[in-house]
Amino acid sequence: MLFEGNERKELERKMKAEGRLPSGQAATLKWPVLHYGSVPRFDPQTWDFRVYGTVERPIRLTWTELNQQPKCQTTSDFHCVTRWSRFDNHWTGVLASRILKLAGIKLEARFVLVHAEQGYTANLPLEDLLRGGVILATHHDGQTLSAEHGYPLRLIVPHLYAWKSVKWVRGFEVLEKNVPGFWEQNGYHIYGDPWKEQRFSDY
Ligand SMILES: Nc1nc2c(c(=O)[nH]1)N[C@H]1C(S)=C(S)[C@@H](COP(=O)(O)O)O[C@H]1N2
Ligand SMILES: [Mo]
């Protein structure tokens with residue numbers, strides 16, 4: 001226990017020195033489980049991933065088709081607005097930009113509302129979803145995602161607070177306007193940059 005406390009503090013000092021600890025955050029070596037509602041069940045027969053809205057051709061990928069997409073790997077830090085940060089997470093999955101491009105983004109598209117099981121949503125600008133580190137992840141640190149961490153698929157948006165890293169993700173709704181998601185409707189910041197401590201909305 002004492003050892004773990006020292007190890008955690010040591011990591012926190014190191015991350016702070018490297019400029020990787022946003023202000024108001026504490027490092028964790030564990031991986032907390034945080035979500036609203038219950039853990040959904042996965043049925044590979046009926047599961048799909050849809051891209052629709054302001055796109056050239058709305059698409060629907062089955063679980064098999066999603067897994068036929070080229071795989072990629074990323075390593076990134078994870079910052080929850082409740083003030084814990086988990087460092088050097090290794091993710092395997094498919095680039096979000098790859099899936100968006102399959103549907104063909106229309107010129108007037110500006111934002112995306114990310115949809116998950118049970119009606120959970122999160123919004124972000126389209127250009128943020130197109131970044132290289134943004135991945136639809138199937139694996140974490142070499143292991144298949146566990147049910148409570150988002151199995152079978154979760155979005156990872158490392159540069160925004162983790163409520164945007166949608167677990168049990170099922171689709172991207174491409175939009176011209178910015179539509180607030182679940183937490184954004186409940187007082188969280190519309191963008192959520194941890195480096196600017198954009199935790200809550202100003203009004
Ligand atoms: N579908 C869904 N995704 C979600 C949430 C949720 O309630 N539902 N919570 C978010 C929040 S606030 C955080 S901090 C991270 C936590 O991910 P973890 O449980 O894998 O640590 O998931 C995010 N993704
Ligand atoms: Mo969070």
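Which residues do ring pairs link into a cluster? The legends below describe close-up views of a predicted model.

**View 1. The aromatic cluster of the predicted model.** Tyr36, Tyr120, Tyr161, Trp163, Phe182, Trp183, Tyr188 and Phe200 are joined into a cluster by ring pairs. The count of aromatic pairs comes to 16. The pair formed by Trp183 and Tyr188 is stacked, because the ring centres lie 5.0 Å apart and the planes meet at 20 degrees, under the limit of 30 degrees for stacking.

**View 2. Accessibility of the stacked residues Trp183 and Tyr188.** Trp183 has a relative accessibility of 26% and is therefore classed as partly exposed. Tyr188 has a relative accessible area of 16% and so counts as buried, the limit for that class being under 20%.

**View 3. The largest pocket and its lining.** The volume of the largest pocket is about 500 Å³. Its lining comprises 28 residues, and those nearest the pocket centre are Leu34, His35, Tyr36, Tyr120 and Trp183. Of these lining residues, 17 are nonpolar, eight are polar and three are charged. Tyr36, Tyr120 and Trp183, which lie nearest the centre of this pocket, also belong to the aromatic cluster.

**View 4. Arg50 over the ring of Tyr52.** Arg50 is placed over the face of Tyr52. The distance to the ring centre is 4.3 Å.

**View 5. Cysteines Cys72 and Cys80 in the predicted model.** Cys72 is buried, with a relative accessible area of 17%. Cys80 is likewise buried, at 7%. The count of disulfides in the model is zero.

Methods. Residues numbered from 1 in each chain as written. Chains lettered and ligands numbered in written order. Predicted model: local features only at pLDDT ≥ 70, side-chain atom pairs only at ≥ 80, totals over all residues. Heavy atoms only, no water. Phe/Tyr/Trp six-rings, centres within 6.5 Å; stacked < 30°, edge-to-face > 60°. Buried < 20%, exposed > 50% of the residue type's maximum accessible area, 1.4 Å probe, protein only. Lys NZ or Arg CZ within 6 Å of the ring centre and 35° of its normal. Disulfide = S-S within 2.5 Å. 1 Å grid on protein atoms, 1.4 Å probe; cavity = no way out; pocket = protein on both sides within 12 Å on 5 of 7 lines; lining within 4 Å. Points joined across faces, edges and corners; volume = space filled by probe spheres on them. Nonpolar A, V, L, I, M, F, W, Y, C, P; charged D, E, K, R; others polar.
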